[in-house]
Amino acid sequence: MAEQLMLMKHPACGYCKILEERIKDKIDDGTIGIIDASTSEGLEIAKSLGIRGVPDCVRKKEDGTYERCGLEELLKVQKV
């Protein structure tokens, strides 16, 4: 599995909705994934990376682990 950038978001986050809409085409085609911070899995990932607020960017690495990245990376992603 190749690396994938992921948007960490929460359903109650207004800024998350704005960013999600801006990159919607990249989410819809699978180029960018979503991590919902309101789920137990999303919360666990956020805690492990020291993420205390959303939106944020997470890179899912080839080995299945995660690392934090900058939001600007989400905006630079080109469609595959």
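**Close-up 1. Glu20 and its salt-bridge partner Lys9.** Start with Glu20, which is partly exposed in this predicted model, its relative accessible area being 23%. Its side chain meets that of Lys9 in a salt bridge, with N and O 3.2 Å apart. Lys9 sits in strand β1, while Glu20 belongs to helix α1 (residues 14–22), so this pair ties together parts that are eleven residues apart in sequence. What about Lys9: buried or exposed? Lys9 counts as buried, because its relative accessibility is 16% and the cut-off for buried is under 20%.

**Close-up 2. Asp56 meets Arg68.** Here is another salt bridge, formed by the side chains of Asp56 and Arg68, at 2.7 Å from N to O. The two residues come from distant parts of the chain, twelve residues apart: look for Asp56 in strand β3 and Arg68 in strand β4. Asp56 is buried, at 7% relative accessibility. Arg68, at 43%, counts as partly exposed.

**Close-up 3. Glu67, Lys61 and a network of salt bridges.** Glu67 pairs up with Lys61 in a salt bridge whose closest N and O atoms are 3.8 Å apart. Glu67 is partly exposed, with a relative accessible area of 28%, and Lys61 is partly exposed too, with 26%. Across the whole structure, a search turns up seven salt bridges.

**Close-up 4. The disulfide between Cys57 and Cys69.** The sulfur atoms of Cys57 and Cys69 are 2.2 Å apart in this disulfide. Cys57 lies in strand β3 (residues 56–60) and Cys69 in strand β4 (residues 66–69), so the bond ties together parts that are twelve residues apart in sequence. Is this disulfide left-handed or right-handed? The torsion about its S-S bond is about -70 degrees, so the disulfide is left-handed. Both Cys57 and Cys69 are buried.

**Close-up 5. The disulfide between Cys13 and Cys16.** The structure holds two disulfides, and this view shows the one that joins Cys13 to Cys16, with 2.4 Å from S to S. Here the torsion about the S-S bond is about 85 degrees, so the disulfide is right-handed. Cys13 is buried, with a relative accessible area of 11%. Cys16 is buried as well, at 1% relative accessibility. Count the bonded cysteines along the chain and you get the pattern 1-2, 3-4.

**Close-up 6. Gln4 and the residues around it.** Gln4 lies in strand β1 (residues 4–9). At 19% relative accessibility, Gln4 counts as buried, because the cut-off is under 20%. A polar atom of the Gln4 side chain lies 2.9 Å from the backbone oxygen of Gly30. Leaving aside residues up to four places away in sequence, what does Gln4 touch? The list runs through Gly30, Thr31, Ile32 and Gly33, then Val58, Arg59 and Lys60.

**Close-up 7. The largest nonpolar core, and a second one.** Ten residues make up the largest nonpolar core. Among them are the leucines Leu5, Leu7, Leu19 and Leu74, along with the isoleucines Ile23, Ile27 and Ile32. Val77 belongs to this core, and so do Cys57 and Cys69, the pair joined by a disulfide. Setting aside residues up to four places away in sequence, Val77 touches Leu5, Lys26, Thr31 and Ile32. There is also a second, separate core of eight residues, including Met6, Ile45, Ala46 and Ile51.

**Close-up 8. A cis peptide bond at Pro55.** Which way does the peptide bond from Val54 to Pro55 go, cis or trans? This bond is cis, with omega near 5 degrees. To find Pro55, follow the chain into the loop between α3 (40–49) and β3.

Key:
Residues are numbered from 1 along each chain as its sequence is written. This is a predicted model: local features need pLDDT of at least 70, side-chain atom pairs count only at pLDDT 80 or more; totals for chains, interfaces and linings use all residues. Side-chain values use heavy atoms; hydrogens and water are left out. A disulfide is a pair of cysteine sulfur atoms within 2.5 Å. Buried means under 20% relative accessible area, exposed over 50%, partly exposed in between (1.4 Å probe, protein chains only). Helices (H or I, at least four residues) and strands (E, at least two) are DSSP runs, numbered from the N terminus. A polar contact is a pair of N or O atoms within 3.5 Å; within protein, one must be able to donate a hydrogen and the other to accept it, and residues adjacent in sequence count only if both atoms are side-chain atoms. Contact means heavy atoms within 4.5 Å. A nonpolar core is a set of buried Ala, Val, Leu, Ile, Met, Phe, Trp, Tyr and Cys residues joined through side-chain atoms within 4.5 Å. A salt bridge is a side-chain nitrogen of Lys or Arg within 4 Å of a carboxyl oxygen of Asp or Glu.
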